[in-house]
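Look at the chains below and trace how they meet. Keep an eye on the strands as you go.

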Amino acid sequence: MDRIECQWCKAQNEMGRTNCTTCGAPLDTKDLVTDSGWAEAPRLRDMTEFRFSNSTCQIEGEIVPVAEIALAQGDSVFFEHHVMLWKEPQVPLSALNTGGGMKRMLGGMPHILSVAHGPGRVAFSRDASGEVVVLPLHPSMELDVREHAFLAGTHSLTYSFVRIQGLVNVLHGGGGMYMDRFVTQNEPGLLLLHGYGNVFQKTLQQGEKIMVEPGGFLYKDSSVTMNAVKQNVKTGLMGGHSMYLAEMTGPGRVGIQSMYVHHGSD
Amino acid sequence: MTMPPAQAAYTCPYCRMASDGGGGTCPACGAPVDLRLKVSDSGWVEQPPIRDLAHIRFGRSTCQVSGTYVPVAEMALHDDDWVYFSHHVLLHTDASVRLGTLPLKGGWQRMRAGMPLIMMRAQGPGHIAFSADAPGETLAVPLSAGRAIDVVEHRFLVATGNVAYQWQNSNIWFTTQDGDDEEWHYPLGKTIDQFAATGGNGLLLLHAPGNTFIRDLAPRQRILVQPSGLIWKDQSVRMFLHFEYPHGQYWFSSSRYQAKATWLTLEGPGRVAIQSVFERPEGSGYVRRTSGATTQQW
């Protein structure tokens, strides 16, 4: 039987579908890839609906999209509690202890994540214009995400956080002290991120490098290494100027956002 | 020869005003005509952005909304018509437009609440344009004679002269304990604006960051929303605070403090509008006093 492969998440879909059942990406439009190889994250059509486990997720709006999730009995999602836009009164909430409370407090991260349990509806959005990026994670995948970028993760994902190695990376990397890490075990999971502006993804080969603005980094496979590298710029009689870029080394995917805060020029 | 049937009257699903529906956009609020309703599975209707360069009529004047990221509302004011607005939303004006001030009562309280002390008024003839400072949607809310709505502060863009404006305390607050200090929080803002069409039909323009969704609540139907996500509501909709404390494995993760969810309960009947951008809720800590709230311990 003929199937259509989603170019974003590689899931197989039935013929005739216009958007992927796993990540909502349009199947009937050509992928947008720049000449240098950055693939634009699929712009999810308004009211796009896709499934995970027995639940559904619908993306609404195109300036600051809302992810509305209809949770089935037995399904749950976790999130930072301040991204909930609305919920039905009967949806129970619980707290997910992340561990490392003092470290997270120092890193400016919430040390408790909230969990919403089905059945019922709950909706999430962030605080600026951008895109919801849907990343289905297949079993045994590890993804590192810039802190405060994740919108919601499904119950089958294991959440942890990792310290960004190296003082230079912490001070000049633009990503704070920690990154969120999402791991799948035997079951696939679904991760929703919010990227400010537009989001682009590139897959690096083994040893391939790319330099990115540290504030623009959004996510990467854990196999990709990230280091802050100083760039010296001579400005003639006025002396020197330096800035830092994040050097990403493959193999794996790297995701960046087009709206960011630049840190670390001196 | 058979004549085609006369076009049935069209009632806009967003502003509920009737028109002939022939112009492509609703002449009262600018919403596209014939657009398939975008309704989420849960019942929120996405308010369609006003089509670029759509015309809206009021009095003997027109308003044209242009742009899609941070829309501009440009008005062609007739001699007899006037509008009022906060001075910081004025983008450009013809020299022929007569600008003046519209004094407001309660200056000291408005200053404390961070609200502008005066409104400006603009009288035709001429063109004048307004825009806000965030990517989002400009909403036209036509008010039929006698209708009044409550609008969250800082969402107001411009209103026609026959729309009466007043403001009052939102009466949505809570306090938290911080050592010996008691900290006050106003999740909806300290005040709330009220607009009412008194002298015939009026037009109110609002600007909301992000996308906008509206929903009609049935009598006694409740929904929990982020307080700073509310844009406007019918005055028949009740609102009060609701605190939820998620259950955690340990005492410190039972989140009486950090992960407490502060909601605004909206109870029908009536229409409510929310935006997808909202401020991070403030006020971690033990809730001591409230303006009236319900609590749920999960």
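The model is predicted: local features need pLDDT of at least 70, side-chain atom pairs count only at pLDDT 80 or more, and totals for chains, interfaces and linings use all residues. Residues are numbered from 1 along each chain as its sequence is written, while chains are lettered from A and ligands numbered from 1 in the order in which they are written.

**The two chains**

Helices (H or I, at least four residues) and strands (E, at least two) are DSSP runs, numbered from the N terminus. A residue is buried if 20 or more other C-beta atoms, placed from the backbone, lie within 10 Å of its own. Two residues are in contact if their C-beta atoms, placed from the backbone, lie within 7 Å.

| Item | Chain A | Chain B |
|---|---|---|
| Helices and strands | 2 helices, 23 strands | 1 helix, 27 strands |
| Buried residues | 48% of 266 residues | 41% of 298 residues |

**Where they meet**

In chain B, 35 residues are in contact with 31 residues of chain A. Strand β21 (residues 222-225) of chain B gives the most to chain B's side, with 4 residues. That side has 14 nonpolar, 15 polar and 6 charged residues. Here Ala, Val, Leu, Ile, Met, Phe, Trp, Tyr, Cys and Pro count as nonpolar, Asp, Glu, Lys and Arg as charged, and the others, Gly among them, as polar.

Two strands pair if DSSP finds at least two bridges between them. An open sheet of 9 strands, with mixed pairing, has the order β4(A)-β5(A)-β6(A)-β11(A)-β8(A)-β21(B)-β24(B)-β23(B)-β27(B). At its edges stand β4 (48-52) of chain A and β27 (293-297) of chain B; each has a single partner strand, so one side of each is left without a neighbour in the sheet.

**One buried residue**

B:Pro142 lies in strand β12 (residues 136-143) of chain B. Why does B:Pro142 count as buried? Because 24 other C-beta atoms lie within 10 Å of B:Pro142. Beyond its neighbours within four places in sequence, B:Pro142 is in contact with residues including B:Cys15, B:Ala28 and B:Leu203.

Notes:
A residue is buried if 20 or more other C-beta atoms lie within 10 Å of its own, exposed if 12 or fewer, and partly exposed in between; C-beta atoms are placed from the backbone.
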